Amino acid sequence: MDPWPRILQVMICLVLARCDVSAEKCSKGESECPNDDPKSCGCSISRDTSIYKQSGDLKLESVDRYRQTKDKLTPASKTDFPRTHGMVNIPGGSFFMGTNEPIFVADGEGPERFVRVNAFYLDKYEVSNAEFELFVNATNYKTEAETFGNSFVMDTYVSEDVKKKIKQAVQGAPWWVPVDGADWKHPYGEDSSTKEIMDHPVLHTSWNDAVAYCEWMTKRLPTEAEWEYACRGDKVGRLFPWGNKVNPKEEHWMNIWHGEFPNSNTADDGYETTAPVTAFPKQNKFGLKNMIGNAWEWTSDWWGTQHSTESKDNPMGPDRGADKVKKGGSFMCHETYCYRYRCAARSQNTPDSSAVNLGFRCASNKLPKYLHMEDP
């Protein structure tokens, strides 16, 4: 392969101090970079921090930045909103992880392999804006999107004023644009707010942000195996947590894109963007909500696409890598693009990446003490 196009690309990035998205995934002009993958929503676009490091513009605070608390707020504190931080017990067991009928072979959806997991606890709901706000108010935490000054947003949700300032897009998925001022408090740009959607999933949170939050809550991120085991709910070989039918009982049980992607969302499920974390029926026997759809969810695993068929106990993924695994799909997923709202489906981003459809939920080996007397 001729290296000069790539070298020239890097040189352009060094000259243009605005080249802050992955050189492999996001274009610097109109269409310099390859797309995410055919018929994909572009969800695996990742942030390229090298330009910040080279220019000296990036000044990330230490990993301990969230440990100093103020106002005596704790994970058990009351807020102005109903708490949704409760967890459910996921009994240990075994299941077949992955699938022998992959939709996206390159994602490493297969092969199917026998896996055993120990019992653990998992958040019943995705972490909401209200829950994340408590964490921020208690710790003065600053997310990576806030530190970098931008995050990825679908152009459909961006105001005309903000669009005028956008100079970049993702080739093959031009609806994905890096928006200055987009972060968890301003999901669609600096002129937007979460004031009316505090019960919706927090977005624009990187893997590092998710780890920081979960640690403050005396929790952790689930492994990919734990997440998929919880998603399947003892259903063998099924696409979704409840079975294979998209709309069980002719009802909507998840928040995905309806209509023609990316041109029109008919919002048949009641939501054009995210839904409250409490919305829709419980998706399986474990009582979990929005495991698929609504927002992508980080896991603790490093990304890898080569899997052994040997049975494993409590697998934790590769020892190292460049990207982290995310699961569940989002409100932007459609069967014709990014058909990843399936339990076996998976995607990835670098740990510092963030986007308008990316959130998380936490897990724990045991129920945190402050939850013992609370109803999840």
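The points below take these topics in turn.

1. This is a predicted model, in which local features need pLDDT of at least 70 and side-chain atom pairs count only at pLDDT 80 or more, while totals for chains, interfaces and linings use all residues. Residues are numbered from 1 along each chain as its sequence is written, and side-chain values use heavy atoms, with hydrogens and water left out.

2. The chain has a mean pLDDT (the predictor's confidence in each residue, from 0 to 100) of 86, and 81% of its residues reach 70 or more. Residues 1-38 have pLDDT below 50, and this stretch makes 74 contacts (heavy atoms within 4.5 Å) beyond near neighbours in sequence. Residues 50-65 are also below 50, with 26 such contacts in the model.

3. There are 22 aromatic pairs in the structure. Rings of Phe, Tyr and Trp (its six-membered ring) pair if their centres lie within 6.5 Å; planes under 30 degrees apart are stacked, over 60 edge-to-face, and the rest tilted. Phe135 and Tyr213 are edge-to-face, because their ring centres are 5.5 Å apart and their planes stand at 85 degrees. Phe135 belongs to helix H3 (residues 129-139) and Tyr213 to helix H6 (residues 207-216), so the pair ties together parts 78 residues apart in sequence. Helices (H or I, at least four residues) and strands (E, at least two) are DSSP runs numbered from the N terminus.

4. Phe135 is buried at 0% relative accessibility, and Tyr213 is buried at 2%. Here buried means under 20% relative accessible area, exposed over 50%, and partly exposed in between (1.4 Å probe, protein chains only). Both residues belong to a cluster linked by ring pairs, together with Phe132, Tyr141, Trp184, Trp216 and Phe360.

5. The structure contains 16 salt bridges, each a side-chain nitrogen of Lys or Arg within 4 Å of a carboxyl oxygen of Asp or Glu. One of them joins Asp313 and Arg116 at 2.5 Å, N to O. It links strand E10 (residues 312-313), which holds Asp313, with strand E3 (residues 113-117), which holds Arg116, 197 residues apart. Asp313 is partly exposed at 48% relative accessibility, as is Arg116 at 34%.

6. Arg346 and Glu224 also form a salt bridge, with the closest N and O atoms 2.7 Å apart. Arg346 lies in the loop between E11 and E12 and Glu224 in helix H7 (residues 224-232), so this pair ties together parts 122 residues apart in sequence. Arg346 and Glu224 are buried. Shared partners join Glu224, Glu228, Arg232, Lys327 and Arg346 into one salt-bridge network.
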